[in-house]
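Today I opened my notebook to look up how charged side chains pair up. Here is the structure I had on screen.

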Amino acid sequence: LPVLAVPPRRSGPDLDSTQRIERVGDSHPSMPPYPSGMATADATTAPTHGRPGHRDTQHRGTQYTAIQRRDSQPVRGQPEPGRRRRPLTKRQRARRRTAFWLLLILLLGLFTGWGAWYLTVGRYHQVPNLAGESRAAAVSELRRDGFTVSSTVAQDFSETVAVGLVLRSDPSAGTHLLAGKRVQLVLSKGAERFTVPQVAGKPYAAAQQAFAGIPVQLNRKDVADDTGKVASGSVIRTDPAADAEVKRNQAITVYVSTGPPIVSVPGVTGQTQADATDTLQQAAFKVTTSQDFSNSVPAGQVIGQDPAADARVPKFSTVHLVISEGPPLVTLPQIPNGTSVGDARNTLQALHLKVRIKKVFGGFLGKVVGMSPGAGKQVPVGSEVTLTVV
């Protein structure tokens with residue numbers, strides 16, 4: 001910029017009107033006149049020199065001096081010396097454009113993010129967790145959060161929530177809904193339980209039919225019946241037992257009889273009838289008996305058994321015992337007096353009896369005159385019969 005010389009302010013009574021200061025040097029006809037009441041400009045020229053290294057050339061600078069009243073204000077819009085803006089460089093303009101576009105992109109991103117948040121989340125309300133609350137408290141909380149509550153109430157079973165309390169909501173807790181949307185409450189009916197039917201003694205097919213309407217898992221287990229009262233193929237018992245309360249899909253074991261267990265028969269041959277019967281009954285066997293003669297087993301003792309000792313038979317089977325009556329009995333025949341001793345001996349020996357001869361008077365005649373035991377008596381085979389011979 002050219003260097004300007006500013007003349008000193010004049011003082012005097014004639015300052016009420018604008019005065020013109022004489023110019024030094026050539027006039028500048030192109031300068032516009034100042035309006036009335038405004039300061040006039042007086043141009044003065046002062047020699048200036050060019051930049052170093054350039055041709056020594058004098059330039060004329062023009063200075064305008066404002067002369068105004070002491071109580072007047074500067075003219076608005078008139079440039080003040082020393083405040084003229086410098087033109088922006090190309091780099092500064094590029095930086096400003098970059099800053100402008102960055103700010104615009106940032107504002108657009110913020111607006112887009114806020115709009116997306118509002119459309120997807122911001123305008124929605126979250127359904128609260130109402131589990132375990134009473135129906136009245138749940139309705140109040142839903143209405144406070146801006147939802148409407150369905151007049152119909154669903155019910156479901158629960159192992160943890162007491163009867164009558166809120167089990168869950170539909171839509172579930174945590175779901176985001178628009179304000180005013182309807183929410184339905186699901187109340188608890190308490191724990192779900194099913195009663196085990198009574199099927200003991202029934203065939204397994206009938207037991208399956210009894211469990212048809214109950215959502216449980218049936219597991220069959222074949223076992224021997226230690227009681228002897230349940231036929232093979234019938235239910236002995238269930239676990240859990242009949243009338244027990246069970247959960248949905250709970251496993252229930254049905255014990256089905258395969259008949260009595262197989263056991264060994266104890267040996268009782270040679271025992272008395274009373275002892276043998278007691279031994280077999282303690283082993284859960286039934287006992288039947290019959291009588292028979294035995295030359296080797298005393299009367300009243302067991303001659304034999306069926307099944308035999310150590311045989312493998314079902315428990316509660318029947319064991320038949322044969323009880324000895326001792327040797328077989330024979331009836332003594334009638335031997336008339338006067339029968340020769342030889343004939344009488346042959347008759348008795350044919351009956352497997354032993355014969356003893358008792359002679360009277362030497363027995364010279366050889367005739368039987370008596371017999372002991374007498375005729376018609378029953379004696380065991382092998383018994384001794386005495387013949388009296390004269």
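**Salt bridges, one by one**

I started with Arg 168, which forms a salt bridge with Asp 156, the closest N and O atoms being 3.2 Å apart. My rule for a salt bridge was a side-chain nitrogen of Lys or Arg within 4 Å of a carboxyl oxygen of Asp or Glu. Arg 168 lies in strand β6 (residues 166-170) and Asp 156 in strand β5 (residues 154-156), so this pair ties together parts that are twelve residues apart in sequence. Strands here are DSSP runs (E, at least two residues), numbered from the N terminus.

I noted that this is a predicted model, where local features need pLDDT of at least 70 and side-chain atom pairs count only at pLDDT 80 or more, while totals for chains, interfaces and linings use all residues. Residues are numbered from 1 along each chain as its sequence is written, and side-chain values use heavy atoms, with hydrogens and water left out.

Next I looked up accessibility: Arg 168 is partly exposed at 41%, and Asp 156 is partly exposed at 28%. For this, buried means under 20% relative accessible area, exposed over 50%, and partly exposed in between (1.4 Å probe, protein chains only).

Then I found Arg 193 and Glu 159 in a salt bridge, at 2.7 Å from N to O. Arg 193 sits in the loop between β8 (182-188) and β9 (194-195) and Glu 159 in the loop between β5 and β6, so the pair ties together parts 34 residues apart in sequence.

My last pair was Asp 222 and Arg 220, whose side chains meet at 2.8 Å, N to O, in a salt bridge. By this rule I count four salt bridges.

Terms used: Helix = DSSP H or I, 4+ residues; strand = E, 2+ residues; numbered from the N terminus.
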